[in-house]
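Good morning. Please have a look at the model on the screen, and then I will go through it.

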There are 2 protein chains.
Amino acid sequence: MPLTERKPMRMDADGWDLGKVRYYIWKIAAGPDSGTPTGAVLKDALSSSGKLLRPRLLLYFGGMGPEVQTRRERLYLLAAMTELTHLASLIHDDIVDEAPSRRGQPSIQSKYGKDAAVYAGDFLISRVFRWGAQEGLLNAVERLAQTVEDMCAGEIGQAACRYRSDVTEEAYYANIRGKTAALFRTACGLGAAETGCPDWVVKKAEEFGEALGLLFQLRDDLLDFNGSGQTAGKETHKDFRDGIYTMPVLKALRDPWGWNALLPLMRSSREWGLTEDELAIMEQAVVRAGGVEAAWEEVRHYHRLSGEFLNELEDFGSVDGLRKVWCQLGLR
Amino acid sequence: MPLTERKPMRMDADGWDLGKVRYYIWKIAAGPDSGTPTGAVLKDALSSSGKLLRPRLLLYFGGMGPEVQTRRERLYLLAAMTELTHLASLIHDDIVDEAPSRRGQPSIQSKYGKDAAVYAGDFLISRVFRWGAQEGLLNAVERLAQTVEDMCAGEIGQAACRYRSDVTEEAYYANIRGKTAALFRTACGLGAAETGCPDWVVKKAEEFGEALGLLFQLRDDLLDFNGSGQTAGKETHKDFRDGIYTMPVLKALRDPWGWNALLPLMRSSREWGLTEDELAIMEQAVVRAGGVEAAWEEVRHYHRLSGEFLNELEDFGSVDGLRKVWCQLGLR
């Protein structure tokens with residue numbers, strides 16, 4: 001029996017071995033600290049594996065460049081650094097949202113307390129930057145650090161908009177462009193740049209990543225909005241209750257009838273919170289004012305746009321893996 | 001009138017211009033974002049200027065090296081990066097401690113909310129690393145990132161020790177070595193290394209920094225312990241109430257009488273909190289068991305030790321500025 005049959009290579013994502021990404025995630029973030037209280041928290045934070053969406057984007061774009069064969073290992077490393085940046089942000093998001101769970105497991109804050117969650121997030125992000133500096137990946141450190149800044153600016157921008165009925169769609173887009181799309185953009189750009197793709201491909205990769213990130217967040221906000229019954233155990237309308245007005249609400253507010261129906265609810269929401277009945281009324285008002293449908297139209301817009309970017313990129317190389325991700329995220 | 005008299009140079013700390021440190025702090029952290037919600041939060045976070053203790057240590061050690069004249073500007077930049085690392089950690093500490101104020105002003109969390117505080121801290125630390133990467137200060141990025149890891153590991157270690165009556169002095173020292181002494185150590189080492197001090201001086205600078213950091217934290221814990229009336233407005237015994245047992249308590253627990261007096265208080269503290277009367281009884285028990293005096297003896301130990309390091313360093317160059325900091329921190 002040939003060796004390859006006994007020990008098959010794990011090519012689980014269009015020629016890329018996501019096990020290698022997980023190996024580097026572990027090596028960078030948890031390995032050196034095993035046996036310490038910090039190691040225990042990190043181990044937990046890393047154990048609930050996500051879909052590795054950002055690493056996959058990075059690897060697929062890396063696969064398009066002429067230097068892919070000599071840069072495979074570095075691509076896996078960059079992919080792990082990108083996912084760890086995402087994981088660090090999730091730990092801190094769960095503090096802000098007081099989220100009891102994440103990916104079906106208790107959140108770090110709910111299991112270890114707020115102090116462990118604050119410092120585990122800080123630890124992880126510093127570890128990513130230190131690892132990058134040690135490996136001489138100066139460009140990646142710079143890009144990822146800029147991305148964390150963008151993510152934070154988006155979150156702070158969102159916080160500054162809370163409970164404000166005059167939030168514009170532009171402000172909403174600026175906030176989600178930072179908090180979500182920035183890391184998608186960076187993942188795509190880092191992959192393409194690492195393997196020597198020409199500038200226009202790197203730029204197009206970034207534009208694709210940003211469009212995909214916007215569509216990802218728009219969909220996520222829509223699921224919070226009317227995902228009742230679809231996503232088991234997930235609380236709906238958390239955004240509205242927290243004074244965060246997402247696209248369906250913003251669209252509904254542009255309708256005079258919607259504005260009149262929603263404004264009193266927004267006011268009482270801030271003053272003393274809303275009952276389940278009032279939230280149901282809010283949802284109906286947003287639907288009736290056309291907000292949900294208009295928000296899905298925004299999703300379709302970014303789906304079309306990112307699809308066009310893919311078509312243009314196809315002139316340069318295979319976009320098979322990217323098209324799969326794109327298809328998945330476009331589904332209603 | 002000669003030019004120097006009309007426009008005096010601000011040499012406010014032994015030949016070093018701390019205004020330059022403040023300039024770089026501003027330039028790195030707040031300048032580029034002015035006018036945005038993030039800029040507003042950062043401006044506030046930077047406005048309450050501290051004593052710039054860590055920058056001063058960095059500059060003084062930088063002043064000892066042969067290349068000081070050509071590296072002055074970089075030293076100011078490194079000093080600002082070090083202080084910003086400290087500031088980022090303070091913003092996050094205030095989230096964990098639910099602190100209403102910092103340096104006489106409302107804390108970021110209490111003024112802008114938990115979300116702004118979480119992300120402003122993340123933003124600041126990323127900005128420091130990005131700035132370092134852009135300036136090619138790879139070594140500083142690596143060292144500061146490692147330091148943030150040490151600080152977080154110390155904090156997580158402390159969280160893991162909460163309400164545990166079996167905490168050892170070794171565990172306490174490991175925690176404060178991370179959460180406080182690591183940045184003192186790095187500030188001293190970065191300064192000495194930047195201007196070409198020989199290895200033994202860099203190493204001694206780091207040892208001095210660590211000893212000074214330990215003594216700084218021991219003193220801070222003692223002030224929390226029996227600073228009543230001395231530090232206006234500061235809540236005392238917050239550590240004990242939070243289940244964080246610092247040196248006076250650990251020393252008192254080694255005394256059989258102290259152990260018997262404190263254990264019931266530690267248990268009820270965890271279960272239902274302590275009244276002011278019970279806290280006063282706790283304080284008296286710690287004093288009577290010799291805990292406070294023994295903790296001051298630890299301070300004196302690190303003061304002597306760091307003084308010895310200074311004497312050794314004097315063989316290499318002037319330690320005048322360092323000796324001033326050392327004297328200030330040694331005072332009871």
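I will start with a single chain and then turn to the interface.

First, the ground rules. This is a predicted model, in which local features need pLDDT of at least 70, side-chain atom pairs count only at pLDDT 80 or more, and totals for chains, interfaces and linings use all residues. Residues are numbered from 1 along each chain as its sequence is written, chains are lettered from A and ligands numbered from 1 in the order in which they are written, and side-chain values use heavy atoms, with hydrogens and water left out.

Chain A has 16 helices and two strands; these are DSSP runs numbered from the N terminus, with at least four residues of H or I for a helix and at least two of E for a strand. The C-alpha trace of chain A spans about 70 × 50 × 40 Å along its principal axes.

Next, salt bridges, meaning a side-chain nitrogen of Lys or Arg within 4 Å of a carboxyl oxygen of Asp or Glu. Over all chains there are 54. One of them joins K204(A) to E312(A), at 3.0 Å from N to O. K204(A) sits in helix 10 (residues 199-226) and E312(A) in helix 15 (residues 291-313), so this pair ties together parts 108 residues apart in sequence.

Now the interface. How many residues of chain A are in contact with chain B? The count is 37 residues of chain A against 37 residues of chain B, where contact means heavy atoms within 4.5 Å. Together the chains bury about 3700 Å², 68% of it on carbon and sulfur atoms. Buried area here is the accessible area (1.4 Å probe) that two parts lose on being put together, summed over both. Y119(A), E149(A) and I156(A) supply 20% of what chain A buries against chain B, more than any other three residues.

Between chain A and chain B there are eight salt bridges. In one of these, E149(A) meets R127(B) at 2.8 Å, N to O. The elements giving two or more residues to this side of chain A are helix 3 (37-47), helix 5 (68-96), helix 7 (114-134) and helix 8 (138-160).

The same surface serves both, as 100% of the contact residues of chain A recur in chain B.
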